[in-house]
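Open the model in your viewer and keep the selection tool ready.

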Amino acid sequence: MENAVGSGSATNGEVAPPRKVALITGITGQDGSYLTEFLLNKGYEVHGLIRRSSNFNTQRIDHIYVDPHNAHKARMKLHYADLSDASSLRRWLDTILPDEVYNLAAQSHVAVSFEIPDYTADVVATGALRLLEAVRSHIADSGRSHIRYYQAGSSEMFGSTPPPQSETTPFHPRSPYAASKCAAHWYTVNYREAYGLYACNGILFNHESPRRGENFVTRKITRAVGRIKIGLQSKLFLGNLQASRDWGFAGDYVEAMWLMLQQEKPDDYVVATEESHTVEEFLEVAFGYVGLNWRDHVVIDKRYFRPAEVDNLKGDASKAKKVLGWKPKVGFAQLVKMMVDQDVEMAKKEKVLVDAGYIDAQQQP
Ligand code: NDP
Ligand code: GDR
């Protein structure tokens, strides 16, 4: 478990280096949960900022949470903060004293960003600026200049620029979300150039997993496949099936985030599988895997079309491969199967509860 950065305790008479401390915003999200597991396995102490919610929002990390009342050795700790609240960001930096800061928090749904553009810009763009400024002023006041910062950038920034997209490809964002990510990208570059901050942009292409939010298209499809297979639903309503995405596995991508912060110099990197598939191809593989034909179930609903679409994303990750030594381990078909397998199991459990009258067979998200 505690191999890479030391546990902070003495072994065979030598003093081990102090444990590294990471601060993660967006720890309750898909990537936050995988990154936390990854860093805990490397021996880090992980602090996550969570926002207040009227419902519990920690499902993705409940399996690694240790109640601090019961275990003084808990290495993952959660604190209330929000990217819209600059004072909370600075306070936790001063309290936690992190070595690495991963800014993963975002209103991350592209279609929703057209509905709440103002809020999306505030969290995604200005939120990143607030955190960068908190890090800068924390360093200025404390002298802790070794802090390293990771910004979660997105292939959506390329928008309508044709593939393959690399670090030198111009951005042409097609949504309030993507434009906000572009601003966050340039804030990060600016803090690197202006203040010498060790700050990196990871330009990550779509990455999915069984923990993916249920209203992103991959998970929406695999949830429906599970529920249709088990008899809980018959139709799946979708929008544009012709969009192409470069889909990888989230568990692979968090390693690239960490690798970026372990280099001698900060830089920006594209992270992608370099393989692209349409939504229709995803449907073929997901339904086909359980012996169903997607054409018998999918209904096109205009509600799910976007005011402006991103048609074709396919990354060129040669820089990450060369400099970071990173490469994806999970391929497209394996990813789809992993997600369908989980969602069939989830649907079976749901069916037991529906049959017992505990819950209604809910509609899709
Ligand atoms: P998720 O939507 O799963 O998670 C987003 C996280 O941000 C959640 O923890 C959420 O909290 C938190 N959050 C939202 N708003 C705020 C706020 N105002 N203050 C503090 N926290 C907030 O995203 P992913 O894990 O998939 O993605 C992680 C990051 O990477 C995001 O920035 C995303 O835009 C970016 N990205 C993702 C890609 C992907 O394919 N997954 C590709 C490229 C970039 P809560 O749980 O309470 O909602
Ligand atoms: P994306 O992911 O917009 O690429 O952003 P999403 O899964 O939402 O859409 C992918 C493509 O599928 C089409 N689509 C639908 N999408 C959704 N959500 N629901 C539908 O019913 C549907 N039908 C068709 C979309 O039009 C689109 O073309 C994700 C997010 O994780 C971002 O935060 C991240 O930055 C990018 O990936 C890289």
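Axes here are lines fitted to C-alpha atoms, for helices over the stretch in contact, and angles run from 0 to 180 degrees between N-to-C directions. Helices (H or I, at least four residues) and strands (E, at least two) are DSSP runs, numbered from the N terminus. This is a predicted model, in which local features need pLDDT of at least 70, side-chain atom pairs count only at pLDDT 80 or more, and totals for chains, interfaces and linings use all residues. Residues are numbered from 1 along each chain as its sequence is written, chains are lettered from A and ligands numbered from 1 in the order in which they are written, and side-chain values use heavy atoms, with hydrogens and water left out.

**Stop one: two helices**

Select residues 30-41, helix H1, and residues 250-260, helix H7. At what angle do they pack? The angle is about 65 degrees, and the axes are 9 Å apart. Now show the side chains in contact (heavy atoms within 4.5 Å). On H1 they include Tyr34, Leu35 and Phe38. On H7, look for Val254, Met257 and Trp258, among others. By class, this contact has 8 nonpolar, 2 polar and 2 charged residues (Ala, Val, Leu, Ile, Met, Phe, Trp, Tyr, Cys and Pro are nonpolar; Asp, Glu, Lys and Arg are charged; the others, Gly among them, are polar).

**Stop two: ligand 1**

Select ligand 1 and the 25 residues around it (a heavy atom within 4 Å). Thr28, Asp82, Ser108, Tyr177 and Lys181 come nearest. Next, look for polar contacts (pairs of N or O atoms within 3.5 Å). A side-chain N or O atom of Lys181 is 2.8 Å from a ligand 1 oxygen. From Gln30, a backbone N or O atom lies 3.1 Å from an oxygen atom of ligand 1.

**Stop three: ligand 2**

Move to ligand 2, which 23 residues surround. Ser108 is one of the closest, and its backbone N or O atom lies 2.6 Å from a ligand 2 oxygen. Find Arg245 too: a polar side-chain atom there is 2.9 Å from an oxygen atom of ligand 2. The protein buries 95% of the 710 Å² that ligand 2 exposes when taken alone. Finally, colour helix H6 (217-230) and strand E8 (236-238): each supplies at least two residues of the shell.

Key. Polar contact = N/O pair within 3.5 Å; in protein donor to acceptor, adjacent residues only side chain to side chain. Areas by Shrake-Rupley, 256 points an atom, 1.4 Å probe, with all protein chains shown as cover.
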